[in-house]
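Let's take a walk through this structure together. Have the sequence and the model open side by side as you read.

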Amino acid sequence: MKITSVKTAATRGHGMHLWVKVETDAGITGLGECVHGGKQAIAIIQNLAPRLIGRDPFAIDAIFEELRRSHVFDGGFAGALITALTGIEIALWDLKGKALGVPVYELLGGKFRDKIRVYADCQVEPGMNFDEIQQVVDQVLERGFTALKIDLDIHAYGHAGSEVAGFTKDKFNYTAGQWEHERMVEMVEMVTRAAGKNVDVAADVHTRLDVPSAIRLARDLEQFHLLWLEEPVPAENIDAMREVTRSTSTPICSGENLYLRHGFRELIEKQAVNIIMPDIPKCGGLSECRKIANLAEIYYMPFAPHNVSSPIGTLASAHVCATVPNFLVLEFHWLHRDYWTTIIQEKTDIIQDGYITLTDRPGIGVELDEEVARQYQFPGTTWFE
Ligand SMILES: [Mg+2]
């Protein structure tokens with residue numbers, strides 16, 4: 001079997017969802033999704049496509065590594081080039097599973113578990129009172145989720161809430177004043193009270209704090225038994241993250257903006273966090289993230305992938321989650337996007353009662369409904385040309 005074409009399309013959603021379709025002379029097609037590569041990822045895939053024509057699509061790891069190393073001067077360590085390769089990689093896994101008639105998890109070593117626990121990212125906004133928070137939490141719990149995540153920070157970079165008085169005198173400064181610190185602690189208190197003790201709550205700070213502000217927050221949150229506190233300090237400095245992690249019993253989680261196992265190596269080896277959160281359809285794909293999870297497992301470090309993808313990228317991520325021992329929970333970020341079920345041909349929610357149950361269907365296991373997806377076509381992009 002040989003690859004005959006590589007085509008792309010892009011849909012609006014959480015930013016841009018880039019679809020990569022790989023076709024073969026056997027008539028078998030694979031579809032991959034990647035996120036946060038920007039329009040430049042489309043151009044990269046179109047430039048790489050001629051090198052894929054005529055290749056054996058089963059040599060997935062070798063194709064990925066060959067293309068990556070040959071572009072090491074053009075972003076082969078991190079960023080859009082890796083995300084573009086990720087879209088191709090996931091399409092090749094879908095294709096290989098379909099060609100062999102097996103689900104992708106069987107090709108990745110088989111399952112540790114049949115059901116993948118999912119948490120919902122939910123929109124608790126700064127300034128909400130307890131009743132408003134209870135309403136948001138109840139909506140999530142009614143759908144069967146047993147874990148959820150909130151944003152603790154007030155978005156300082158131009159999003160809603162940036163005008164809230166008293167937050168910060170300078171949007172680039174990382175120091176939380178007393179008012180801001182107490183607001184964050186109070187928010188966690190209200191959300192954990194609304195959720196109850198059977199529900200796990202994670203809280204994201206989006207890298208907004210300096211080390212003393214982060215340590216103070218993490219310590220004051222210990223009483224609420226969070227699932228994790230996410231990226232309390234800027235994630236570029238692993239030693240700063242490690243200092244926070246070592247100072248508190250609140251578990252610290254990071255990694256949504258790292259790429260490849262090389263990008264995670266120092267974070268894991270220094271045990272600078274308690275939990276890692278690679279974004280699988282962004283940072284290197286299924287093979288690479290399975291390797292990242294295995295590296296973390298040496299330190300008994302849980303693997304809780306970040307995920308903003310459609311059902312296709314989410315299910316692709318779930319195949320990896322099934323095949324590693326240290327999986328904790330997978331993110332779901334489409335709570336308020338009503339095409340979550342209509343964008344796939346199956347027209348059902350892949351998440352039932354807070355879990356994804358992996359099936360025996362070959363490949364990833366769901367198909368994009370291109371007609372529906374095209375209604376959300378990303379402006380300025382072409383459609384599978
Ligand atoms: Mg985050």
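Cys 321 is in no disulfide either, and its nearest cysteine sulfur, in Cys 289, is 9.2 Å away. A search of the whole structure finds 0 disulfides, a disulfide being a pair of cysteine sulfur atoms within 2.5 Å. Cys 253 is buried, with a relative accessible area of 0%, and Cys 321 is buried with 0% as well. Here buried means under 20% relative accessible area, exposed over 50% and partly exposed in between (1.4 Å probe, protein chains only).

A word on the background: this is a predicted model, where local features need pLDDT of at least 70 and side-chain atom pairs count only at pLDDT 80 or more, while totals for chains, interfaces and linings use all residues. Residues are numbered from 1 along each chain as its sequence is written, and side-chain values use heavy atoms, leaving out hydrogens and water.

Glu 230 lies in strand β7 (residues 228-230) and Glu 256 in the loop between β8 (252-254) and α9, so the pair ties together parts 26 residues apart in sequence. Helices (H or I, at least four residues) and strands (E, at least two) are DSSP runs, numbered from the N terminus. Glu 230 is buried at 0% relative accessible area, and Glu 256 is buried at 10%.
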